[in-house]
Amino acid sequence: MHSGYEPHLWDGCSFHPTLYLDDVSEIPFLVNIAGVEEYQHRAWVRAGEGDLVAAVTPLTRGYEEYCRENLRLGAPDLVLAEPRENLLAVAEACWHGKAFAKIVERARAGNGLLIHPYMSVEPVWELARRVSAAARVPVQVLGPPPPVTWIANDKLRFSELVEHVLGKERLVRTESARDPRTLAGHLLDIGRRYPRVGLKRTRCASAMGNAVFRSEELSSQEHTEALVRSFLERTEWDGREEVLAVAWEEAEVSPSSQTWIPPTGKGEPTVEGIYEQILEGEEKIFVGSRPSTLAKTLNRRLTDASLRCAEALQELGYVGRCSFDLLVVDGEQIRFTECNGRWGGTSIPMSLVDRLVGRPRPPYRAQDVAHPGLVGAPFRDVLRAVGSDPRFVLYNVGPLAQWGKLDVIAFGASQPEAEEALTDDLPRLLGVK
């Protein structure tokens, strides 16, 4: 099925040096996230001694020393590639020039290379082909072939998988169409049963391709169709892609399950944690996460349902990090909303906590922190303000300069203490409360 990718499939046991790269260029509308062009440096906290980390922007001054000396993550080597027109296209930038030469040299010296991307998209596999041909050594990709990547990340394709594996009752009410009139009809029909309805583009992330409407706003077919057309224009719809009309169900909590899927024959998928997502606004934009405080029986049901979906993805050839976003409605009903077939805002800090502390994980909250008072603040000044307080770990600090934004993990002896550390103590230390 994936013969074009077979020479570079990860075998699950490679010991070659690893190249980490966080290329998010194929996820639509991420340019609307403040500072996203600096998110490529989140790969630094996944790397270790002797590894390579590719980027097209330089590291924030002082951050490498912080990761090496304060967090003791080792000393990976930065591959600074010449940026293309799209600053998010890290893999393509590594196809040429000094960056490509450096990667080839390290692959040759190690008699092979493992590429571990944020998301396993076609430019990553093209980089593997080029490096392997130039270095004449094996190069593997820790991720699924792109056709499988998009089964996981396309909301419509994933809903079809969930329906096949678990049944339609594990999904929110969802209809799809390729024309505004039919979509408007779906919204009106769903709105007769639910107080809110939504439109979703199938390949967007972080709610960037969503719109939510109160059903009472949908006064007529004509008015609703105008709302649909406005949404399609705003999201640069190509006129061909299917668009989803969904019930926007009221949920007590929006958990996410973090899974790891090994290659077929190399072990069973595992759920490494159930998390509560911290969401903001009516469209529920993700800003952070914390370990689940839900009942153990509910966590078990979330785990079991997630494992069945992960096993189905594994059969299709999915490999690596994956997470599922869910809703809990009416106290106990589980609904899958989407799959994130990639690393993300919950799995990155989870993995970092495992590296720093190990298991069992202590209570913590991971979240982006942004404030106008931090715009332009040197990272070393922020680090000095936080001091040696062991409750806080700082990462993704690139957006500080222009946007006053960074990501923080806050630990506590209990979950309420972790919450207070991030929401109260940290702003006070930073002088922005």
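A salt bridge is a side-chain nitrogen of Lys or Arg within 4 Å of a carboxyl oxygen of Asp or Glu. Glu122, Glu126, Arg129 and Arg130 are linked in a network of such bridges, and by this rule the structure has 32 salt bridges in its count. The model is a predicted one, in which local features need pLDDT of at least 70 and side-chain atom pairs count only at pLDDT 80 or more, while totals for chains, interfaces and linings use all residues. Residues are numbered from 1 along each chain as its sequence is written, and side-chain values use heavy atoms, with hydrogens and water left out.

## Salt bridges

Side chains of opposite charge can pair when their charged atoms come close.

| Residue with N | Residue with O | Distance, N to O |
|---|---|---|
| Arg173 | Glu175 | 3.1 Å |
| Arg240 | Asp238 | 3.6 Å |
| Arg428 | Asp425 | 2.6 Å |

To describe the surroundings of these residues, a residue is called buried under 20% relative accessible area, exposed over 50%, and partly exposed in between (1.4 Å probe, protein chains only). Arg240, with a relative accessible area of 59%, is exposed, whereas Asp238 is partly exposed at 40%. Asp425 has a relative accessible area of 14%, and therefore counts as buried.

Helices (H or I, at least four residues) and strands (E, at least two) are DSSP runs, numbered from the N terminus. Both Asp425 and Arg428 belong to helix α13 (residues 415-430), where they stand three residues apart, about one turn of the helix. An α-helix has 3.6 residues a turn, so residues three or four places apart point the same way.

## Aromatic rings

Rings of Phe, Tyr and Trp (its six-membered ring) pair if their centres lie within 6.5 Å, and planes under 30 degrees apart count as stacked, over 60 as edge-to-face and the rest as tilted. The structure holds 10 aromatic pairs. One of them joins Tyr5 and Trp125, which are edge-to-face, with 5.2 Å from centre to centre and 80 degrees between the planes. This pair links distant parts of the chain, since Tyr5 is in the segment before β1 (18-21) and Trp125 is in helix α4 (residues 122-135), 120 residues apart. Tyr5 is buried, with a relative accessible area of 14%, and Trp125 is buried at 0%.

Why is the pair of Trp10 and Trp260 edge-to-face? The ring centres of Trp10 and Trp260 are 6.5 Å apart and their planes are at 80 degrees, so the pair is given that name. Trp10 lies in the segment before β1 and Trp260 in strand β10 (residues 255-261), so this pair ties together parts that are 250 residues apart in sequence. Trp10 and Trp260 are both buried.

A charge sits over a ring if NZ of Lys or CZ of Arg is within 6 Å of the ring centre and within 35 degrees of the ring normal. The ring of Trp343 has the charged end of Arg46 over it, 4.8 Å from its centre, and the charged end of Arg321 also sits over the ring of Trp343, at 4.7 Å from its centre.

## Helix α1

Which residues of helix α1 (residues 63-70) are buried? They are Tyr63, Tyr66 and Cys67. With contact meaning heavy atoms within 4.5 Å, the buried residues of α1 pack against α11 (379-386) and β16 (392-395). Ring pairs also link Tyr63, Tyr66 and Phe379 into a cluster.

Asp22 lies in the loop between β1 and β2 (52-55) and is buried, at 3% relative accessibility. Leaving aside neighbours within four places in sequence, the residues in contact with Asp22 include Tyr39, Arg42, Val90 and Ile348.

A polar contact is a pair of N or O atoms within 3.5 Å; within protein, one must be able to donate a hydrogen and the other to accept it, and residues adjacent in sequence count only if both atoms are side-chain atoms. The side chains of Asp22 and Arg46 are joined by a polar contact of 2.5 Å, and the side chain of Asp22 reaches the backbone nitrogen of Ala43 at 3.4 Å. Arg196, in strand β7 (residues 196-201), is buried at 8% relative accessibility, and its side chain makes a polar contact of 3.3 Å with the side chain of Glu250.
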